[in-house]
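Open the model in your viewer and keep the selection tool at hand. The tour goes stop by stop.

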Amino acid sequence: MSEPLLRISNHHAPGSGDPPIVDDAQADQYIGYFENLFGEQWVFTRDQATGVAILRGGDISWNTPIDVTDGATRGLTLNPSEAQWLESCLAASQAFARR
């Protein structure tokens, strides 16, 4: 295939920083995406080699990575659906590492 499986546009204002460029060229990377009902976007990545999980969001500035490896969001308040999505990403990326 020559076309990507998924393309997502940035819905945040230019002042939100540069949205991450995420692809699966790194074979050992788990990728998750979420958009809430207000159009706020989140990207989750976990490097399977290091185990490090990073959360990025347009509302907190795309350029501000949050290390969520241990599940803690470091003072970031997520709504219930965002928190459930993050929990699912953490669980799925752990399973991904065991495959």
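Leaving aside its neighbours within four places in sequence, which residues is Ser16 in contact with? Select Ser16 and look around it. The contacts are Gly58, Ser61, Trp62 and Asn63. Keep in mind that this is a predicted model. Ser16 sits in the segment before β1. Its relative accessible area is 12%, so Ser16 counts as buried, the cut-off being under 20%.

Select β1, residues 29-35, and β2, residues 41-47. These two strands pair in the antiparallel sense, over seven bridges. Now go to the turn. Five residues lie between β1 and β2 in this hairpin. Gly39 is in that turn, and its phi is positive, about 85°.

Thr45 stands opposite Ile54 in β3. This hairpin has five residues between its strands. Gly51 in the turn has a positive phi of about 85°.

Is β2 largely enclosed or open? Six of its seven residues are buried, so β2 is largely enclosed by the rest of the structure.

**Stop four: an aromatic pair.** The model holds two aromatic pairs. One of them is Tyr30 with Phe44, in an edge-to-face arrangement. Their ring centres are 6.0 Å apart, and the planes make an angle of 75°. The edge-to-face class asks for over 60 degrees. Tyr30 belongs to β1 and Phe44 to β2, so the pair ties together parts that are 14 residues apart in sequence. Stay on Phe44: its relative accessibility is 0%, so this residue counts as buried.

**Stop five: the core.** Which residues touch the most other members of the largest nonpolar core? Select Trp42, Phe44, Leu55, Val68, Leu76, Trp85 and Leu86, out of 14 residues in that core. α1 gives the most, with four residues.

**Last stop: Trp85.** Show what surrounds Trp85, leaving aside neighbours within four places in sequence. Trp85 is in contact with Gly32, Tyr33 and Phe34, with Trp42, Val43 and Phe44, and with Leu55.

Methods:
Residues are numbered from 1 along each chain as its sequence is written. This is a predicted model: local features need pLDDT of at least 70, side-chain atom pairs count only at pLDDT 80 or more; totals for chains, interfaces and linings use all residues. Side-chain values use heavy atoms; hydrogens and water are left out. Rings of Phe, Tyr and Trp (its six-membered ring) pair if their centres lie within 6.5 Å; planes under 30 degrees apart count as stacked, over 60 as edge-to-face and the rest as tilted. Buried means under 20% relative accessible area, exposed over 50%, partly exposed in between (1.4 Å probe, protein chains only). A nonpolar core is a set of buried Ala, Val, Leu, Ile, Met, Phe, Trp, Tyr and Cys residues joined through side-chain atoms within 4.5 Å. Contact means heavy atoms within 4.5 Å. Two strands pair if DSSP finds at least two bridges between them.
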